[in-house]
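Hello,

Here is the structure I said I would pass on. Please look at it first, then read the notes below.

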Amino acid sequence: MRERITFVQKEGDSIEPTALKVDGNGLRGPEVKAVREDRLTFALDELPAELKTLLEGVNQLHIRWVGPVAYEAVSPLLARLPPGFHLFYTPGSDTSTNPCPLLNKAFGTNSCSSPSESFTTLPTDRFTHSTAHQFYQPLPSLSAFTNFAKSQLCPAGSSTQSFCESRLSSLNKASQLDISYDTISHTLRLTSLGPYGSQSLSASLLSPSIRTEVGIISTASPKTLEPHEVGISGLLTVLGQQTAPSPILFSFPSRHRDAASSFTSRFLSPTGLHPTLQLSISSPTPPKASPNPETCRLHGYFTLPKTIFPDRYQLDDELFLASKNLIKVRYVTPGVDLEAPEYVMTTWGSAMLVELAPPSQGGEGKGEWTAEVPLHLRYLAPSVTGYRTAEVPYPALFWACTAEEGTKFPTNPFEKDKVGYDGLFGERTVFWHLSPKPEQGDNRLVNTIKVPVLNLERADWVTVGTAAVVLLGFAWVVVKLLLVVFGGNTVDKEKKKQ
Amino acid sequence: MTKSSATGQPMPQATSPSTAPSLVATFFDRPLPLYLSAAVFRLVFLLYGLWQDANSPVKYTDIDYLVFTDAARFVSQGLSPYERETYRYTPVLAWLLIPTAHVTGHQILDVAFFSSGKVLFAIADLIAGWLLEKVLAKSMDGPRARKFATIWLLNPMVATISTRGSSEGLLGVLVVALLWAVLERRVTLAGLLLGFSVHFKIYPFIYAPAIVWWMDNESMFPNKTNPPKSSQPTSLTTRIINFITPARIQLAVISLTTFSTLNMAMYLIYGHPFLQETYLHHVTRIDHRHNFSPYNTQLYLSSSLPPSLSPSFQIEKLAFLPQLLLSALLIPLVSAKKSLPTSMLAQTFAFVTFNKVCTSQYFLWYMVLLPLYLPQSSFLKNKKFGVAALVLWVLSQGAWLQQGFELEFLGRSTFLPGLWLASLGFFGVNCWILGVVIGDVGRL
């Protein structure tokens, strides 16, 4: 087991090595504004038996959790995903392995029953770095996982239990959590990111047997920096081994960058059963920092829970798309049922990648603009109020730019891969992210819709009433038929009168 | 039209010569003006549709047409039409539309090829109208027959549906052709058409009992003097033996052979998806998005309950009983021998009214038979009554549409009671109209 704690400050912020106190058990320093990243790396043998057994039957398993509360991203930790619980999964040779029971236990998810029922299949022919399956569920909190992690990782009754538990409690405040496992590394990596904010620089050794690295870094721009690279400078300390931090300066190519623009997402009113999601984007121009802006295309990546879906046939018409400021739907989860009600759907929902059409850069090409994504609600189960709420996470919006031929993006220490959309682009694509701004005062990156459903409080008479009216109608027609058969005389009489 | 409809009595020639030959009268004197205008009418709709599709984000073309043409593209590539999601039709339809998948690279030619399916549907409309005229002409003169055929031929709703690319018009021509073939005593042709239309859309099977019942020796050989009725009551056995006539056997054998041959062939070529999408889907479907059916709210309610909570008695499981009793048994028994066209209209009306799913496309199924019934109907004999019935039908439908609009576009929960009551109201009006149609059968 290894541990890495990194405090990431904004560019220009730094701290003097003398401000840090390092001793055998930890590191202490002043209060700074930073993002704290905690990373634990486990060898397979160090894991609890249940998890170990599961992972032995798995080829790749990547969990990406993003909290619903808006957070400020700090370079180089810039990759973004729609808020919620994402799973990217490739089974091992035994395809009957079912990660769902353990995932439900660990995260409190409830819509995962088995890969064949709940997961969707990702295109593996397009780019080989994609996993085989995808799963998503809205999950506003990590509290279930925090408790699970405490029970699994903090040995009960040991001297370190309370310390371990208090460390893990910080997961409740995390804005992101990544768990990655693949058969090549045979290690499980757990990374949590706290929100950007003031905090004291402090890190302590979990146990003397664990190698713990503490870094305090910020982005730097040395003169030798290549355009596709991110420079990092700061201080690094290996707890227990070093008594003073050593300065570091390095750079690496990064696939996730900051576009320095923002967007909000909201549903146009009235929503009805065919709601339109409107994206308001602060700027129509590609990121100025991109070395090759002419290759940049603005994309939106949506994970839509099963309450709502896109109709890929409707989104196939160029004129229709153009009227919504969209260019093309690049990907939709195949096989999305276009008719079934939500309560019979077993798969999680659908993912969609759409290329947006920014207004031309001449003339009115400055300032905020909008694009609309037409969606459709499924029928939801009846309720006692006649309405239910559907929650739709914000999409991830980014400019996808192609780096120059020959550019390589080797794995970097802050890399976040398997984010869904990266599997839909080539290896040389750089994602310049727009930061999502919450639409409502609650600071959440989730759009809600009030969905009309059948009102159960008024449903008592439906069965009886329907049966009665149908029988009445039937009886009326039968009576008319009987009159034709036995009422011949009356017609004859009428004829005689004439 | 207002003037011509005033001559709704069975003796038009007595009244028309007294007035100067009006434009309306000359229009119906010969077939050409009517069919030419019906064709031009559809051509205008078709071209307008092309313009709207090319210039507006709101499409004229029906979504279903894109389903058919996608399926036709798969078929033209040697694939199964069921590769296209929501293709729920016989592969024959996709085969018919193979020209729509043809790409030349020339823009105008490609549009023409793509629209060829709509042209096919529009031509089917015209043929249905022509067959209507031929059936009507059996009991009235040509101009009057054409006047009634106009209800179909120059009906904007019919022209819109076919030029938007909905295949219901194709079914219209099959059903009228079936009726025409029966009335012409062309049993082989009738059998082929019956087998094919049931393969195409299932519901025309309700016509089989009516046709079989109608096909007694009196109807089949109207010129032969019937043997004088013996005073002795015929025994049940004799009646059964008399019922089994060569014509009836011929119809049964040919229609069943056509139906099963087509199905077996399709199953051999396309396998289970053919069965699933064309037939089984209608049994297992649970996509109860709101529609006109009186059962709709009930279906939504019961489909959402977990199996443990649902009551043992479910009326929607019995919905087929009143529907089939009326449309396939009682109505044909009572009406087929009195008037086959009116019986078929009443059967279709009952089938659609009592169906578990009912959308406005289904109205076309009985609309094609309407011109054959109207000449003897109380709706036309008493104009005020006819207008009142039409207004009632439109209003009750409008009430439903209003509730549906509030739900669909404004997001108001109108399922209960609004939409439910509106669908029951519309059902009631339809039952009443059906009763009037059946009452008219008694006066024939």
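Arg443(B) counts as partly exposed because its relative accessibility is 46%. On this scale, buried means under 20% relative accessible area, exposed means over 50%, and partly exposed is in between (1.4 Å probe, protein chains only).

Some ground rules before the rest. Residues are numbered from 1 along each chain as its sequence is written, while chains are lettered from A and ligands numbered from 1 in the order in which they are written. This is a predicted model, in which local features need pLDDT of at least 70, side-chain atom pairs count only at pLDDT 80 or more, and totals for chains, interfaces and linings use all residues; side-chain values use heavy atoms, with hydrogens and water left out.

Salt bridges

Arg443(B) forms a salt bridge with Asp440(B), with the closest N and O atoms 3.4 Å apart. The term means a side-chain nitrogen of Lys or Arg within 4 Å of a carboxyl oxygen of Asp or Glu. Asp440(B) is at 5% relative accessibility and therefore counts as buried.

How many salt bridges does a search of the whole structure find over all chains? The search finds 30. One of them joins Arg42(B) and Asp125(B), at 3.0 Å from N to O. This pair links distant parts of the chain: Arg42(B) is in helix 4 (residues 31-55) of chain B, and Asp125(B) is in helix 7 (residues 107-136) of chain B, 83 residues apart. Helices (H or I, at least four residues) and strands (E, at least two) are DSSP runs, numbered from the N terminus. Both Arg42(B) and Asp125(B) are buried.

In chain A, Lys418(A) and Asp417(A) meet in a salt bridge at 3.7 Å, N to O. Lys418(A) is buried at 12%, whereas Asp417(A), at 27%, is partly exposed. Glu3(A), Arg36(A), Asp38(A) and Arg167(A) are linked in a network of salt bridges.

A charge without a partner

Asp311(A) sits in the loop between strand 17 (308-309) and helix 6 (318-323) of chain A. Asp311(A) is buried but has no salt bridge, and the nearest side chain of opposite charge, Arg84(B), is 6.5 Å away. For charge, Lys and Arg count as positive and Asp and Glu as negative, while His and the chain ends are not counted. Leaving aside neighbours within four places in sequence, Asp311(A) is in contact (heavy atoms within 4.5 Å) with Leu338(A) and His376(A).

Aromatic pairs

Over all chains, a search of the whole structure finds 52 aromatic pairs. Rings of Phe, Tyr and Trp (its six-membered ring) pair if their centres lie within 6.5 Å; planes under 30 degrees apart count as stacked, over 60 as edge-to-face and the rest as tilted.

Tyr379(A) and Phe415(B) have ring centres 5.4 Å apart and planes at 80°, so the pair is edge-to-face. This pair crosses between chains, from the loop between strand 21 (376-377) and strand 22 (387-393) of chain A to helix 24 (residues 415-442) of chain B. Tyr379(A) is buried at 6%, and Phe415(B) is buried at 2%.

Phe363(B) and Phe426(B) form a tilted pair, 5.9 Å centre to centre with 55° between the planes. Phe363(B) lies in helix 20 (residues 360-367) of chain B and Phe426(B) in helix 24 of chain B, so the pair ties together parts 63 residues apart in sequence.

Regards
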